[in-house]
Amino acid sequence: MRGPEVAARALDARALAALAANPGCRRRAILDGAGVHKATLASALGSPSAFGQSQFALTRGNAFEAKVKADGGAELLRLAHRVLAPGSEPPQEAHVPDLTAIGPEGRTARTALALREAADARGTWTLLDHPMLALDVAGSPAFLEPDAVVVHPDGSWSVVEIKSFPMLDGSADPAKVGAAARQAAVYVLALEDVAARLDPAPRVRHHVLLVCPKDFSNQPTASAVDVRRQRAVTRRQLARLTRLDEIADALPEGLCLSPELPAEQLTAAVDSIPAAYAPECLSACELAFHCRSRARAADAVTSLGRSVRAELGALTTVTEVLAASRGETGDPDDPAVAALRRAADLRARALGRAEAAVCR
C-alpha cells in the first residue's frame, strides 16, 4: 500500500479504544496501523470530520496538566495518596526519573527500566511523567503515552488520566468519564505487559486516578475510576483484530491513499478496504461521515445501528427488510421475518384505528 503524501500519525490509546470498540472494521485497522491521518483523508474525500478536540480545548488541557504536575508533581501525588492509597505513607518527597531517550523504542525501554527500579525501591513514591509504553496490536507494536504513572510505596502501579472537563459536586459527565476509562484501560493493559516481564510481577491497579478541574475553578480534584470492565472488553476486542499483514495481503496491489488523487480515484481506493460502519463511529472516527454515506448508498442496515443489524439476521439491506415486512419476500419461518411482519401488522392496525378516530 502506498501513500507517502498522507501525514503519518501514531496509533494512540484513544484510537486503540475506538478500534477495540469496532474490531470488525478492517478499514480503520489498516489506516491506523499504517499511520494514515484520517482527518486529512476525510477532507480529501469531501466528507470532512467534526471529530476531535478544538485547539482551545487542547491549550486549556495542556495548561491544566502543567498545573497538576507543577513542583515535581506534589499536588498529583497528594491526590493519588488521598484517593487511591489513604492508608499508605503520605508522599513527602517523590522520585521523578528522567525518561528521555531516542525514539519510541528507546523511551519504552527507559520507561521499563524506571518502572523496574521504582518497584524495587519500596517505601517511596515515584512519578513517571509521560512514560512510553508498547502494546501489540494485530501483530504490530503501538506506542502509548499516558499522562502519568504513579508507583506506590508498596510497589504497585497506577495509571493517571488528566482531563480538562470539570467535576461538578464530585461527579463528571458520564460519557466523558466513560471515554477516559476506555482510554485508561489501554494503558493498564500495556502496563500489565511490562509487569509480566518482571519477577516478581508488580501489581497494576485497576482503579485509575482521574484528575479534573474542581467545579468551575482551575483547582485539581480527583476520583478513582474502576476500569476492570473496560480492560476486559478491550483485551478481548484487541485479541479479535485480524493481523494487519493479513488485511494488507487482501488489498489491491499498489493501493494509494494520497489526498492529491482525484476524488473519484481516492474514493475507490478507500472503499476497496472493507469497513464496518455503525452510528457509534460518528463520535470516534474521522472517516465516519464518509462511511455513513457509503453505507446509506449501499442501502445497508448497518447504518441503523449494531443492535438493529443483529436483530435482522440474514436481511442486510433496508429494501430487503421492507419487502419482508410486507410479505413480498423472506421465509415466514425466519424469526426476523416473522417479527417484521408482526410489527407491520400492528402498525397498520394502529394507523387504521387512528384514521377511523379522525373520521368520526
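This is a predicted model: local features need pLDDT of at least 70, side-chain atom pairs count only at pLDDT 80 or more; totals for chains, interfaces and linings use all residues.
Lys38 is found in helix H3, which covers residues 38-44. Setting aside residues up to four places away in sequence, Lys38 touches Arg28, Leu31 and Asp32, and also Cys285, Glu286 and Leu287. Arg60, on the other hand, sits 22 residues along the sequence from Lys38, and the two C-alpha atoms are 24 Å apart in space.

Lys69 is another lysine to look at. Its place is the loop between helix H4 (55-68) and helix H5 (70-84). With a relative accessible area of 13%, Lys69 falls under the 20% cut-off, so it is buried too. Once neighbours within four places in sequence are left out, the residues in contact with Lys69 are Leu76, Asp129, His130, Asp147, Ala148 and Ile162.

What about the nonpolar residues? In soluble globular proteins, nonpolar side chains tend to be buried together. In this model, the largest nonpolar core has 70 residues, and Leu16, Leu41, Leu144 and Trp157 are the ones with the most contacts inside it. Helix H7 (residues 174-196) supplies the largest share of this core, with twelve residues. There is also a second, separate core, made up of 17 residues, with Leu79, Leu84, Trp125 and Val150 among them.

Methods. Residues are numbered from 1 along each chain as its sequence is written. Side-chain values use heavy atoms; hydrogens and water are left out. A nonpolar core is a set of buried Ala, Val, Leu, Ile, Met, Phe, Trp, Tyr and Cys residues joined through side-chain atoms within 4.5 Å. Buried means under 20% relative accessible area, exposed over 50%, partly exposed in between (1.4 Å probe, protein chains only). Helices (H or I, at least four residues) and strands (E, at least two) are DSSP runs, numbered from the N terminus. Contact means heavy atoms within 4.5 Å.
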